[in-house]
Each structure stands twice: as structure tokens, then as C-alpha cells.
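Please look at the sequence and the structure first.

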Amino acid sequence: MSKRVIVDPITRIEGHLRAEVIVGDDGVVQDAFVSSTLWRGLEVIAKGRDPRNIPLMMQRICGVCTYSHYLKSTIAVEDALGIKIPYNAELVRTLMNAALFLHDHVIHFYHLHGVDWVDIVSALSADEAKASKLAFKYTDNPIGTGENELKKVKEKVAKFAKNPQGLGPFANAYWGHKTYRLTPEQNLIALSHYLKALEIQRTAAQMMAIFGAKQPHPQSLAVGGVTCVMDLLNPARMGEYLVKYQAIADFVNNAYYADIVMAAEMYKTESSVMKPMGVKNFMAHKEFMIGREEYLFDSGIIMNGDLSKVFEIDEDKITEEATHSWYKDDAPQHPYEGTTNPNYTGFIDGQSVGPDGKMTDSKMINEKEKYSWIKSPRYNGEPMEVGPLASILVGYAKGNKKVQAVVNEFLAKTGIPAAALFSTLGRTAGRMLQAKLVADNALVAFNNLIENLKVDQETCATYVIDKDKEYKGRGIGDVPRGMLSHWIRIKNGVVENYQAVVPSTWNAGPMDSKGAKGPYEADLIGLKIEDLTQPLEIIRIIHSYDPCIACAVHVMDTKGKTLSQYKIDPLYGGCTI
């Protein structure tokens, strides 16, 4: 008999997500359904507002991806109005983007995804001297792996273990799981880097704030360019950015890269990690202008895992449908015409496997009906994976020399075949390789900015909004989690319609009207779960996408009852409940 296993909530992600899988007696997943349980709704809030104010609102979609939404929303308005921003502004936006990518990717691996690979309890039995020597196998310049440093790490974490509440931030995990592969010494190396990464994420946040004024929710972008001109003309501020950037780049190259090489060495025979992907269609968009019309990452589409051909993106073929999403309009819609009309139908009573492995009564997804707040984006009717791996694969297939160099070096160093890129390990490695490319190349943009400022200090373009005209535009590009697009229509000087198609929508969307699964769901099918009471394999796959389920502005209980309502007074900026 098959069993239904529910993981809800999936932790160590942004937002609210649950996964339900149907498992046979052999422990293999037969079907999978992924549901987002909170509504975003910011598209509704945008209507009727001045388009110049929308980017500041749209970055509030999320507390993690703030700059991503801020930037693409700003570009959408600029595209609609036909504004070409100054070269200086382009380069500053790239430098802020570099801070975001480095911050986001480091946090994701070490603080969200890392413990899916690293057994913290195992690290407490490691030999510090042996681990210190082992670190040199993966890099010539190890970080945080001196024998005394590792001893202090063990002592610090051991205090957590002795605490009555257990391992503190490392509690309630699946320590000792059969699919962990690192040795105690390797676990200790990665644990040390986990703690070091806490310092690195602070440095990266400070780096963003140099040009963005603060982080999260920077505020220096404006429709037409950037407003941080005084920072650009201050050598001390530019030098501060450079110093922080170099510290983070060193960590990426000598800790992050080394740890993924180490993981690849140990996990390349683990079946759940090397399981082929369920969706092998990839889409990425150009990003990171480092010179005039020179981008670090490329645009393109790969179908069925065929790296011999890359198709160009036709934006008219992008749609979202809501057959299995809690919205009223089911038919595929292009984002310019997209609607956001909620239609919550809830869950059903059923049986699933509880933490003790026994069948329990619970609220379950009704896969025949609507079951997620996420829509189902499609390109020409096909599901697509977006994200760092998609960007790496598209660049590699298009002959991007920078991308090809890091990919070939990684494959040679780990001894894994190119086919291994189409796996959970490959997706995790792809994110690290993207971070390395940013760490190795963002200084090109920095130096070009320095040179251009000597002859040109323009940072913002002028423009006019004609209330008698109608406009439409989009901001599209790759952000840390993949291809993000914001779509706007302007009429009578205000927003008539707004849609944001985010990376996690592409990856986490439910099945469509044809029964085709999105990447999350498709990747889970065929997965062998060792222990139904500890479904680490499910978590590892979902985390490899770095889910960012956008923060909700509308909350309901399990029976669909409204918990509270908020009315904003635009004149006074206050709200009533």
C-alpha cells in the first residue's frame, strides 16, 4: 500500500511551503505535490498608484530578495517609459547586485542548505589535527581550519549539545541519517565555515549599504538611475566597498568552493543526490553588466537537457496558469494581462504519515483541485527550471569562456561527469560556481566605474510621464534564485496592471492543466526515501532550489476564515485593524 508523507512547514526557507509525496512500499516516491500556503497579493496593491513609487513597494515582496525586486521593478518602469539610464548607474547597480549575490549564495549554502549535507553531531567526534591537515586537500589557502580554531569550534558547539534544549540552532535535525556521507573531520571543516559565514553575511550586507544606504530594503535606486552620487565620488566609500568585496571573494574561493568540492567527492555515489532531474528544461536571462554591453551571464533556453543547442527567449511565450492554484482565472495568461483574483478552496481531510511513522488524520492537498497560492508559469506551454544552474548551463552551452572555465575546472577537480550537473549535487554546485564567477569578475565593473567617473559623473536620466499615453514595460533578468520578471502597464499616469513572475514561481508551481509537473514536484518523483520518519532526501532536494516563497499580505486559517483585515489610510500613512 502507498502512504502519503507530508513535510509542513519546510523550514530554513523564506516563506511558507509544504510538500506531500505518495510513497510505495519500496520507499520510492510515486507522486508529489508542493503547496505554498500564504498569498502575496502585492500586484493588487500596485494598481492605481504612481509607477515611480512601485519599486519601493515591490521590494517588500520579500525580506531576502529586496534588491532583486527593487531593481527589476525599477527597470520595468524604465522600459515602459523608454528610459536609457547612464553608464555609471548601470555599473553601480551591478556592484549592488554583486553584494546581493555573494550575500545570498553564502547564506543559502551554509545556513539554509548546508546541514542537509553536513552532520553537525558527527563533527563533535572529529580529530582537530587531522581535519586541519585535510583542509589543504581542497584549497591551498584554507580559512578557519587551523587546529586551534577547529578546537574552539568543537567546544562552542559542544556547549549547545550539553544544553537542556539540545543543539540550539542545530536542534531538531536528522543527525546520523544514513544518507550523510562526510567524515567527522570533513563535517568539522564545514561547521567551522558555517560560523565564519555568519561574519561574511554581515560584511556583504554592509557592502550593499555602501551604495544602497541600508540593507535590507536599500533605497538608492530611482527610475532613471541611482541617487548615491556622493558615495561614488568619495574615495573612502569606494575603498570600503573594495576591502569588503575582497574579504568575501576570498571566502568564496577558499571556503565555499572548497566545501562543494569536498561534498562532490563524498556524495557522487549517493543515489538520492545524483538522482536525475525531473525537468530538464532551463531558462536564464542576461545579467551583470560589467562593461559597455558586456554581461557576465547570458540569456537562453535549453530543452530536454540538450546542451548542443540554445534557443533565444521569446517573451511572448511566457504565461502563467492557475488550474491548480487558488485563483479564479485558470486559463494561461501573459503577465501583461495577468490577473490576481484569489479563490481559496482549502485542503481535505485524509491520512498521512506522522513523525513516528504511523498513519494520522490530517489536512491534505486535494491534487484534483486547487492546492497552492503559487501559479504555474510556462514557456511555450512547457515547465522550466530557473536558477544559478540554469544560468551556468546556458552560459556553458553558449560558449561563455568565463563560465566554461570554472565549470571545466570544477569537473576536472571533482572527477564527476558533466551529466552530474543534472542533479541535486549539480544544482548546489551551480550556485557556488555562480558565486565564484561574481567574486572573480565584479571588479571589472568596479574598475570600469572608476575610469568612467573621471570623465563622466552622470547618474540619472531625465524623463516625462505623459498622462495621455499608455505604456507597458518589463524588468527581466537573473537574480540569486533565477529569472525574475516584473511587468507593468501604465494608463492615465498610474499603474493599470502589475505582475511579478518570480523564480520560485517557475520552480515551485503546481502541475498545470495537462498534468505537467513543475521542477520541485517532478524532482521528487522517483526519489528513494530511506526512513519515512526522517525524510531528509525530500528536504535536500527542495532546499537545493533555495526556495523563496514571497512574504504574505493575506493570511487565512485552515478553514478559510479571515483572521484580520487592514485598511491603509493613504493620507496619514496609518492603518486600522
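## A covered helix

A residue counts as buried when its relative accessible area is under 20%. The model described here is predicted. In it, helix H17 spans residues 536-543 and is mostly covered, with 8 of its 8 residues buried. These buried residues are Leu 536, Glu 537, Ile 538, Ile 539, Arg 540, Ile 541, Ile 542 and His 543.

## His 113 in helix H4

His 113 is part of helix H4. It counts as buried because its relative accessibility is 0%, and the limit for buried is under 20%. Its side chain makes a polar contact of 2.9 Å with the side chain of Trp 117.

H3 gives the most, with 5 residues.

The pocket holds about 470 Å³ of space. Its lining has 21 residues, and those nearest the centre are Ile 75, Glu 90, Arg 93, Tyr 295 and Ile 476. By class, the lining has 8 nonpolar, 4 polar and 9 charged residues.

## The E7 and E8 hairpin

Strand E7 pairs with strand E8 (residues 294-297) in the antiparallel sense, over 3 bridges. Gly 291 stands opposite Glu 294 in E8. The two strands form a hairpin with 2 residues between them, and Glu 293 in the turn has a positive phi of about 60°.

## The second largest cavity

How many cavities of 30 Å³ or more are there? The count comes to 8. The second largest cavity has a volume of about 100 Å³.

This cavity is lined by 13 residues, with Cys 65, His 69, Val 502, Pro 503 and Cys 548 nearest its centre. Helix H3 (66-81) and H15 are the elements that give two or more residues to its lining. The lining divides into 9 nonpolar, 3 polar and 1 charged.

## Ser 504 in helix H15

Ser 504 lies in helix H15, which covers residues 503-508. Is this residue buried or exposed? Ser 504 is buried, because its relative accessible area is 5% and buried means under 20%.

A polar atom of the Ser 504 side chain lies 2.9 Å from the backbone nitrogen of Cys 548. Cys 548 is also among the residues nearest the centre of the second largest cavity. Not counting residues up to four places away in sequence, Ser 504 touches Ile 374, Arg 481, Gly 509, Tyr 520, Asp 546, Pro 547, Cys 548 and Ile 549.

## Gln 404 in helix H13

Gln 404 belongs to helix H13, residues 401-414. It is partly exposed, with a relative accessible area of 25%. Apart from residues up to four places away in sequence, Gln 404 touches Tyr 396 and Gly 399.

Asp 330 is 74 residues from Gln 404 along the chain, and the C-alpha atoms of the two are separated by 41 Å.

Methods
Residues are numbered from 1 along each chain as its sequence is written. This is a predicted model: local features need pLDDT of at least 70, side-chain atom pairs count only at pLDDT 80 or more; totals for chains, interfaces and linings use all residues. Side-chain values use heavy atoms; hydrogens and water are left out. Helices (H or I, at least four residues) and strands (E, at least two) are DSSP runs, numbered from the N terminus. Buried means under 20% relative accessible area, exposed over 50%, partly exposed in between (1.4 Å probe, protein chains only). Contact means heavy atoms within 4.5 Å. A polar contact is a pair of N or O atoms within 3.5 Å; within protein, one must be able to donate a hydrogen and the other to accept it, and residues adjacent in sequence count only if both atoms are side-chain atoms. On a 1 Å grid over the protein atoms alone, a cavity is a set of points where a 1.4 Å probe fits but cannot get out, and a pocket is an open set with protein on both sides within 12 Å along at least five of seven lines; lining residues have an atom within 4 Å of a point. Grid points are joined across faces, edges and corners, and a volume is the space filled by probe spheres set on the points. Ala, Val, Leu, Ile, Met, Phe, Trp, Tyr, Cys and Pro count as nonpolar, Asp, Glu, Lys and Arg as charged, and the others, Gly among them, as polar. Two strands pair if DSSP finds at least two bridges between them.
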